[in-house]
Amino acid sequence: MSSILSIARLELIIARRNLWVATAILLMALFNIVLTIAGNAPTGELGASPMTIALTSITTLSVYLVPLIGLLLSFDAIAGEAERGTLALGLSYPLSRIEILLGKFLAHMIVLGAAIGIGLGLTLAITVYRYGVGAVELVPLLRLFATSMALGGTFLGLGYAISALVKQTGAASGIAIGLWLIAVVLYDLGLLGALVADAGGYFTKVIFPYALVANPADAFRLLNMPEQSVNMLATGLGAASQVSGFAGQLSSLLIWPLAALFFAFLAFRKIEP
Amino acid sequence: MAALDIKNVIKRHGKLQTVSDVSLSVAAGERVALLGHNGAGKTTIIKMILGLMPITEGSISVLGHAPGSAAARAQTGYLPESVAFHGSLTGREQLHHFARLKKASKTQADELLERVGLAHAADRKIRTYSKGMRQRVGLAQVVLGQPKLAILDEPTSGLDPVSRHEFYDIVEELAENGCAVMLSSHALTELELRTDRIAILSKGQLVANDSLQALRKEAALPIKFKVTATSETIESVNTQLGGSRVNGRSVELFCTPDEKVGVLSSITALGAIVKDVDVTPASLEELYRHFSKVEEKH
């Protein structure tokens, strides 16, 4: 345990000096402020609370941003060490590879937590300032925080796996961006295409709801969509989300970070520095 | 029990055999130099000792434990070839981190920074360090936590002569405290006085493994004499001793180790006309070339 903490501590120093911490916090803070203020502009007639509107906008953005930050923090974790030549020495020390991985994961989760937490804290502050304490809805806020962490953790783990598999930072960054594009953009487009082609057949009714929650980014989106906004948006997502249900979405977001870390461990275990 | 015991180790990468049946042991307090060309298998052997690479055949025991096991790693210090650290950390942060992993005290880490001459730069980022300074951080982390086995891969590359000298002082201290030291090096001359035993690796095979004196004897390489007289007397020195004239005042001759005493007495018999005598036994370079070549003929 002390080895994990020591690795985490070192990684936090590095992340701070590399300005990753500042970048992540600035990015989340900026977008959350903009979305909280601007998101409230056209509300009135829709009857949704200002907090709901803000959190829905932030959810939509976080689907893109949180995985990106996760991958940016992690793609270099092992490949960078292999390239710098610090990996062989690190692996000769009396700690296991899983401890090294968990130490890095802990540090990067803290960075993510700070960025997401400060971002949502600003949303909270702005809401209180504009609409008073009564407008605060704590449950959706905390749910967004927790699910953002799970989503970020998933992409941290996937980033480590990529990093360990290719061992070159250049290639790792390319693959990471590719993975991000697939997970948050192309996957949904593919599902949409399949839906259109299937025209309400077997795929639409049986496979689609599960294919949707199998992607952690979509599970995250569904979990944070308040009922009223689903109705409001009148998308098919609401219907689909009822098939897989809350349990399906939650287990997707719980299983993914663990599975991703496990993939990373499998890839890291094979490395001969 | 030897601190490090390598028994009949073979390493194959597919069909390519990079280490062929190597057996070598290092006792506590002993300093052994592992010599070899690039690609002779030194780094491969080191990585197998550290458990970073699986052994194809044979066995390695590190202080009675399997290589790479927690018990083996806890007592082993390793300095990789051209050691690197994250440039954003300071020397002190990096060494304190290593101390925590090795369960050594921060006080020891700070003392070591001073010992390797980095006290003034300890709080600067490693990015600003010279290669020699990074090498010193590397050496300091080896000594952390009093290891029982130290593995040093090309430890003095990038160090100036004074730093090399200080480096070997620290290695000597390690050995005096009962640590078994194995180091690989290209800089042969510095090893002559600073190691107890020399193992020469050629194309994955161990071709020599003995003290320098014993290797000299076994190779029976000629000993070089350089006798200096004056320009007037050199002619008669040359006729009496034989050999060849090298400049206006000196004669060079060679003999086998057995003939050494005989040649010396015939030189002293010349009396006062001899101004100076240099006796040079085969250097480590020559020995190294000798043993590497002997194997190549097979």
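1. Chain B of this predicted model averages a pLDDT of 89, and 98% of its residues score at least 70, where pLDDT is the predictor's confidence in each residue, from 0 to 100. For the complex, the predictor gives an ipTM of 0.87 and a pTM of 0.88.

2. On conventions, residues are numbered from 1 along each chain as its sequence is written, while chains are lettered from A and ligands numbered from 1 in the order in which they are written. In this predicted model, local features need pLDDT of at least 70 and side-chain atom pairs count only at pLDDT 80 or more, whereas totals for chains, interfaces and linings use all residues.

3. The secondary structure of chain B comes to eleven helices and 13 strands, these being DSSP runs numbered from the N terminus (helices H or I, at least four residues; strands E, at least two). Of the 298 residues of chain B, 41% count as buried, that is, with 20 or more other C-beta atoms within 10 Å of their own, C-beta atoms being placed from the backbone. The C-alpha trace of chain B spans about 70 × 50 × 30 Å along its principal axes.

4. One open sheet in chain B has four strands in the order S11-S12-S10-S13, with antiparallel pairing; two strands pair if DSSP finds at least two bridges between them. Strand S11 (244–247) and strand S13 (276–280) of chain B stand at the edges with a single partner strand each, so one side of each is left without a neighbour in the sheet. Strand S10 (residues 223–228) of chain B is joined to S13(B) by five bridges, the two running antiparallel, and Lys224(B) has Thr280(B) in S13(B) as its bridge partner.

5. Two helices pack on this sheet. Helix H9 (residues 234–241) of chain B touches S10, S11 and strand S12 (250–255) of chain B, and its direction makes about 15° with that of S12(B). Helix H10 (residues 260–268) of chain B touches S10, S12 and S13 of chain B, and its direction makes about 5° with that of S10(B). Axes here are lines fitted to C-alpha atoms, for helices over the stretch in contact, and angles run from 0 to 180 degrees between N-to-C directions.

6. The contact between the chains takes 20 residues from chain A and 21 residues from chain B, two residues being in contact if their C-beta atoms, placed from the backbone, lie within 7 Å. H1(A) gives the most to the side of chain A that touches chain B, with seven residues.

Key
A residue is buried if 20 or more other C-beta atoms lie within 10 Å of its own, exposed if 12 or fewer, and partly exposed in between; C-beta atoms are placed from the backbone.
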